[in-house]
Structures are given as C-alpha cells and as structure tokens.
Amino acid sequence: MFLDDEIASMKTRQNEARWGMYLAIAALAACILMFIGLMTQATAQTADAKPRQLAGYVRPNDIGTGALLFPSKEPGYFVEAPRLATDVQIDVNGPIMRTRVTQRFENPSKGWVEGTYVFPLPEDSAVDTLKMQIGDRFIEGEIKAREAAREIYEQAKAEGKKAALLEQQRPNIFTNQVANIGPGETVVVQIEYQSAVRQSNGLYSLRFPMVVAPRYNPQPIVQTVDLDSRTGYAVSDPVPDREKIEAPVLDPKENARITPVTLTVNLKAGFPLGEVKSGYHDVDIANLDDLSRRVTLKGDSVPADRDFELTWKAIEGKSPYAGLFRETVGGKTYLLSFVTPPAAANEADAKPVKREIVFVIDNSGSMAGPSMEQAKESLALAISRLKPEDRFNVIRFDDTMSVHFSELVEATPDKREDAIVYVRGLTADGGTEMLPALETALRTQGPVQAGALRQVVFLTDGAIGNETQLFEEIQKNRGEARVFTVGIGSAPNSHFMTKAAEYGRGTFTLIGSESEVAARMGELFTKLESPAMTDIAASFEGASASDITPNPMPDLYRGEPVVLTAELDGTAPEGKLQILGKAGDQPWRVEMDIAKASTGEGIAKLWARRKIDDLEASASTIADPATLDKRIETVALAHHLVSRVTSLVAVDATPSRPASENLSETKLPLNLPAGWDFGKVFGEAPVETVPGKVDERDAALESRTKLAMVTADRMLAAPTARAAGLLAEANNQVALPQTATEADKQILIGLMLLVFALLAGTTFVYWRAPIAAVVLAGVRRRGR
C-alpha cells in the first residue's frame with residue numbers, strides 16, 4: 001500500500017515537472033517573440049529618426065568607391081571630405097614678386113558643406129586680395145577687423161549664403177573657410193600677395209610653401225597661485241590657438257597624396273640671367289629673352305607635400321650691386337632699396353676670431369627619415385670645420401634633452417671625433433620640446449671668454465606651435481651670443497627660422513635635400529667665419545622720411561644685402577638715401593639719389609608688411625596689448641592687408657542653401673610632408689580585425705586610423721609610446737549610431753526576461769527530477 005502511494009506521488013511530481021517544462025518553453029517562446037518585436041521596432045525607429053538632419057551624411061559602408069571620410073556632429077555618421085586643387089602664378093619683377101593662388105573647393109558629397117583649409121604662405125607675404133567666384137561672378141573680399149570679419153562670415157553662413165573668410169594664424173600659416181558649398185558644386189577662391197625676392201651671395205631665390213607640417217604643441221601649464229590666502233590654479237597655454245593651426249593628416253602608406261598643385265613662374269629678373277633651376281621639383285624652363293624666363297612644373301601638377309624653390313643667378317659680372325625703387329600711393333612715396341656691401345679689404349688678413357659654438361640638433365619624431373640624415377650630416381660637417389682654438393658643445397632634444405659635454409670644450413681632434421660619433425648615432429623619435437634646449441644653450445654654457453664670439457647654431461625643421469615662447473627666450477637671454485638657424489627638410493617652419501635668426505642677430509639657412517648639405521653648410525660657415533656687417537643705419541638727406549623698416553636694422557653677413565623700405569612725405573621727394581655700417585673694423589657708406597629711383601609696384605604693401613613685423617617685435621615694450629593691436633590694425637586696414645588682427649571676408653548677397661538643409665563642417669586633409677615618417681609623428685596604431693568580418697564600427701575605426709583623426713597637439717606633445725596609447729584611446733572612442741528612442745532599454749528588458757525564463761524552466765525541471773529519483777531509489781531498497 002505504501003509502495004503504491006509513493007509511486008502515485010512520484011507520477012504526480014513527474015507530471016508537475018512535465019508541465020513546468022511546458023511552461024518554461026512557453027515563456028521562452030514568448031520572450032523570443034517579444035525580443036524579435038522589440039528589435040523590429042528599434043530598427044524601424046532608428047531608420048525613421050531625424051531623416052532630414054542626416055542629409056549629406058554617410059556611413060563607411062555606404063561608400064562604394066574610395067573616399068576620405070571625417071567624423072560629423074551626428075554620432076556614427078561621417079562627411080565626405082571636400083577636394084581641393086590649387087593653381088599658383090608667381091610674377092617676378094626685379095626684387096618684387098606678385099603671387100596669385102587659386103584654390104578650387106569641390107564638394108563630392110550629397111550634402112551642403114563648409115570646408116576649412118589650413119595652408120602656408122611665405123612668412124613675409126603681404127596678403128591683400130581675396131576673391132570668390134560664383135559661376136561667372138567674382139566677389140571681392142573686404143578687409144575688416146578680425147572679429148568683425150568673423151561675425152560677417154558666421155551670419156552669412158547661417159543665412160545660407162556662400163562666404164569665404166581668410167585669416168592669418170601665423171605669419172606663414174593661414175586658414176581659408178568656405179561656407180555653403182552645394183552638393184557636387186565647385187567654389188573658386190583667389191588669394192593674392194606681395195613679397196620680396198631673397199638674395200644671398202649673388203644667388204636670387206623664391207620659395208613657395210605647399211604644406212603645413214604637423215606642429216608640436218606643448219601642453220598647457222597648470223600652476224598654483226595664492227588668491228586671498230587661498231590656493232588656486234592658473235593655466236598658461238603656450239599655444240592658445242592650437243585648434244587653428246591643426247588639420248587632419250593623411251598617412252601616405254594608406255592614402256594617395258592629394259591637393260594637386262600647378263605652378264608657373266614668370267621671371268623678369270631685371271638683369272641678364274645665367275643659371276635658373278629648381279632644387280626640389282622637375283621643371284620646364286622657357287627662355288623668353290636675356291632677362292626673362294617662364295618656369296612650369298613638369299607633368300602639369302604635383303602633390304602638395306613639399307616646398308617649391310626657384311633660384312637664379314646673373315651672368316658673371318652682371319649682378320646688380322644696388323637698387324632703388326619707388327611707388328606713390330595715397331599722397332606718399334614708398335621706397336625699396338637693396339645694397340650689397342663689399343667684403344672688408346683686409347678680411348683675408350684679419351686675425352681669426354676665437355669662436356664658442358653651441359650646436360643644438362632636433363632629433364624628434366618629425367625629423368625621422370631624410371631630415372634626420374640631413375641634420376646629422378650637416379652637423380658632422382660643421383664640427384669637422386672647427387679650429388683647435390675654438391670651443392664647442394652639442395645639445396640634442398626631442399621630448400627629452402641631453403648635453404654631450406658637461407661644459408664647452410676645446411675643438412681638439414679627439415673631441416671633434418667624439419662629438420661626430422655621438423651625432424651620427426642619434427635617432428629620431430618623440431616630441432619636440434625645443435624651449436628647454438634653447439634655454440640650456442643660451443643660459444648654461446658659462447660666460448663668453450675675452451676676445452671670443454659666442455654662436456648658437458640650431459638645426460631643426462621648426463615644427464612647433466609655440467614660436468612666441470622661443471622668440472621671447474632669445475630676446476631676453478641671448479646676451480652676447482648670435483643665433484643661427486638651419487632649416488631642415490621638405491617643409492620647414494620658415495617663420496620660426498627667419499625670426500629666431502633675426503632676434504638672435506644671426507642668419508638662417510635652408511637645406512631641403514642631402515645633396516645641398518655641403519654647399520649650404522659651406523655658405524653658412526663662410527658667414528660664421530667672416531666679420532659681420534654691424535651698426536647699420538639709414539638716413540635721408542634733403543627728404544622727410546616718417547618711417548624706415550626694418551627698425552632696428554639687423555646685422556648682415558658676407559654676401560647678404562641691406563634691404564629696407566621707407567615711407568616718405570609727398571609724391572615727388574628729392575634728396576639722398578644714406579646707408580652706413582661697419583664691415584669688421586672698417587667703416588662703410590653708400591648714397592643713392594631718390595630722384596633716380598626706378599618705378600616699382602607693390603612697394604607700399606611691402607613697407608606695411610614690414611611695419612607690422614616691427615610692431616609685433618616691439619610687443620615687449622608696449623605695456624597695453626590693446627594699444628599694440630590698434631597700431632597694427634591701423635596699418636593693415638590702410639593698406640588692405642591680412643594680419644593677426646585683420647581678415648579678408650567675401651560674401652555672396654544671394655542665399656544658396658535652403659533653410660531646411662543641414663550644413664556639415666570639416667577641415668580639409670593635408671599630405672604628410674615628403675620624407676616624414678607617419679608612425680614616428682603620430683605613433684603606430686595597429687588595428688585588430690576579425691578576418692572576413694567588416695561592420696560599421698570596423699570601417700569607422702579604419703577610417704579614423706588612416707586619417708590620423710587625433711589632434712596633432714595630443715600626439716606630438718607626447719613621446720611615441722604615449723602617443724600610440726592616445727591614438728588607441730581615440731580610436732576606441734568611435735561613437736556608434738544613437739537614436740531618439742528607448743529601444744536600447746526595451747531590448748535590455750527583453751534580454752533579462754529571456755534569461756529569467758531559461759533559468760526558471762531549467763531550475764524547475766532539474767530541481768524536481770533529482771528528488772523524484774531519490775524517492776524511487778529508497779522505495780526500491782525497502783521493497784527488497
């Protein structure tokens with residue numbers, strides 16, 4: 001009887017277990033149906049979310065052909081980058097150049113775009129013209145105070161009008177913003193500027209920069225300060241405009257070089273021409289007559305990845321010794337003069353001066369490749385030319401710094417050899433912390449010995465954004481030293497090179513290829529070993545000159561001309577220009593008749609550009625920054641020039657973008673300068689992917705990696721190891737598409753219900769079954 005009851009009870013429990021399993025299966029099926037429903041709803045809601053605002057945006061998998069994509073304001077969506085082609089025409093007339101740069105912005109996307117292009121110009125360029133072409137119409141840009149120009153541009157952009165804004169970020173870095181470029185549309189912007197031909201040792205040259213090299217921007221400095229007996233923090237940013245001088249940079253291993261450039265030089269030298277050549281590009285040279293040449297690039301165009309340089313010489317004995325040009329503008333006369341002083345008569349017999357040379361070499365990541373080899377070869381050559389009576393030292397820097405000798409040492413053969421071995425062993429890596437190296441060179445090398453000349457020779461590409469810090473250091477702590485800069489690589493920072501040498505009362509040399517090392521370093525050492533032309537001054541006799549630039553006049557070195565501009569009262573001044581100076585210990589003087597000056601064009605703008613430079617250099621002597629800005633603004637507005645405080649803006653009167661259309665913003669990408677190593681600058685960033693699997697996140701990650709879409713200052717301000725980590729961090733933060741629904745919450749609830757059903761059903765079945773088995777086993781044992 002007992003056995004029958006147990007068996008009946010066990011059957012009842014088995015039935016309960018069976019029904020529990022049925023219930024679990026039913027719950028599981030219900031959860032699956034709910035999950036499928038929620039997924040369908042989320043997909044539909046995501047597809048329907050904000051369709052108007054996503055016009056013009058794409059996802060990587062939507063692109064069937066090669067395209068450059070940039071993150072947009074819509075998470076998970078990208079903007080197809082505008083394309084740019086540039087045409088350059090340079091007209092040289094004697095010592096003056098007029099350059100026209102035509103930029104063609106093409107929008108290949110299906111949406112409306114605002115493009116921002118960061119581009120270089122020569123550091124002495126007087127930019128005075130901006131034109132925007134809309135169809136067959138040209139809209140002339142107006143010069144305005146910087147903030148006023150920005151307000152005009154932003155209002156036009158918001159109203160759907162086409163607009164262009166040209167701003168100076170550095171004397172050699174400009175930005176051009178073009179708003180409301182329609183789908184498939186091309187907008188043409190023309191920029192014109194005036195500049196002067198460079199002359200040294202009878203060689204005339206022009207340089208047109210084509211790419212802004214990525215800048216190393218030191219991080220902001222946080223300092224504690226006392227505020228009313230309480231401790232606070234003050235942040236000092238050495239590069240407050242870092243976002244303005246940055247742009248996405250393409251990895252040449254992953255992307256074809258872009259922004260093709262065509263270039264033509266119409267050369268009218270003003271004297272019979274000898275050799276004319278381009279050091280870094282293949283060119284065709286047409287001989288028009290004895291005084292003129294037409295120079296064009298072979299193959300029509302080149303990628304914008306290195307500076308263009310053209311040099312020319314006069315036929316032997318035909319090089320002009322002096323020149324004086326004049327232009328009348330606004331009731332005043334502007335003069336441009338150049339005079340090449342003769343070498344001192346007794347220079348060859350002069351007693352050699354003992355020299356104390358501190359060599360500073362940049363071995364940061366931006367110097368990797370040909371630049372580092374050029375720098376090492378140049379420095380090794382310089383050390384080998386030292387004389388035993390000279391003293392020297394070597395400082396190298398990246399984001400760290402080291403001094404080779406504990407103090408200045410005599411240039412004995414063994415010390416020279418030791419230093420050359422050290423230099424040849426250097427490798428390029430890390431950031432570009434230039435300021436500590438400069439401070440060490442100027443402040444810690446001991447006092448200058450009696451009768452000696454202290455010279456600091458700086459070899460670098462100058463790829464930094466904190467130029468102002470370095471200029472201040474040179475001006476405050478140069479002492480008796482002279483600073484000489486040697487620009488290395490395909491796209492050196494010529495603004496830094498020129499001004500550092502000017503403030504250091506030295507000179508600068510540019511080396512763009514290894515084939516130039518011997519010749520260019522030979523020219524530099526000729527200047528280092530020769531007496532400088534000092535105490536230079538200019539005055540007028542019989543004429544009233546209100547301003548002469550540069551002021552003060554810099555020291556000059558062998559083969560360098562005195563170049564000055566002046567503003568005179570009246571339209572037909574008479575009298576003489578006198579230039580005085582000393583070549584070594586020998587006095588020197590020249591006079592030129594103003595009435596015999598040749599007619600020139602653009603001289604007034606050259607004077608205004610140099611006047612602005614003088615004002616910028618005097619910043620430390622002007623207590624109120626607003627007063628300085630106002631003086632610069634007055635000169636710039638009077639001569640229609642772009643400056644730090646003035647900009648050019650052009651606006652079309654007719655709106656073109658419908659109010660219902662979204663406007664996406666993007667910076668145009670730049671090429672990496674030729675010879676640069678992408679990994680050394682931005683850090684290596686390997687990306688692990690599953691073979692055969694490509695989803696939207698993988699595509700977005702790949703796009704960001706290829707385009708180096710991390711900011712240059714974060715990457716360049718850290719050593720390579722830290723930079724790689726930052727790049728990985730940035731890549732891991734690629735946002736997936738988000739919508740305005742709560743689908744993610746609903747999906748999570750569905751998954752939780754699904755898991756609960758599985759656990760409930762499984763527990764019911766497998767908890768009851770073992771109990772029944774135990775009871776049955778006990779019954780069987782008692783029945784035996």
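Colleague: How many cavities of 30 Å³ or more does a search of the whole structure find?
Modeller: The search finds four. This is a predicted model, in which local features need pLDDT of at least 70, side-chain atom pairs count only at pLDDT 80 or more, and totals for chains, interfaces and linings use all residues. Residues are numbered from 1 along each chain as its sequence is written, and side-chain values use heavy atoms, without hydrogens and water.

Colleague: What makes up the lining of the largest cavity, by class?
Modeller: Ten nonpolar residues, two polar and no charged ones (Ala, Val, Leu, Ile, Met, Phe, Trp, Tyr, Cys and Pro count as nonpolar, Asp, Glu, Lys and Arg as charged, the others, Gly among them, as polar). Thr86 and Gln103 are in that lining, as are Phe119, Phe208 and Met210, among others. Its volume is about 100 Å³. Strand β5 (112-120) and strand β4 (96-106) each give two or more residues to this lining, and β5 gives the most, with three.

Colleague: Which residues are closest to the centre of the second largest cavity?
Modeller: Its volume is about 60 Å³. Ten residues line it, and the closest to its centre are Pro214, Ile245, Glu246, Ala247 and Val249. By class, that lining has eight nonpolar, no polar and two charged residues.

Colleague: Why are α6 and α7 called roughly parallel?
Modeller: The axes of α6 (residues 467-477) and α7 (residues 494-503) cross at roughly 15° and come within 9 Å. Angles under 35 degrees count as roughly parallel, over 145 as roughly antiparallel, 65 to 115 as roughly perpendicular and the rest as oblique. The pair is therefore roughly parallel.

How values were computed: Axes fitted to C-alpha atoms, helices over the stretch in contact; angles between N-to-C directions. Helix = DSSP H or I, 4+ residues; strand = E, 2+ residues; numbered from the N terminus. 1 Å grid on protein atoms, 1.4 Å probe; cavity = no way out; pocket = protein on both sides within 12 Å on 5 of 7 lines; lining within 4 Å. Points joined across faces, edges and corners; volume = space filled by probe spheres on them.
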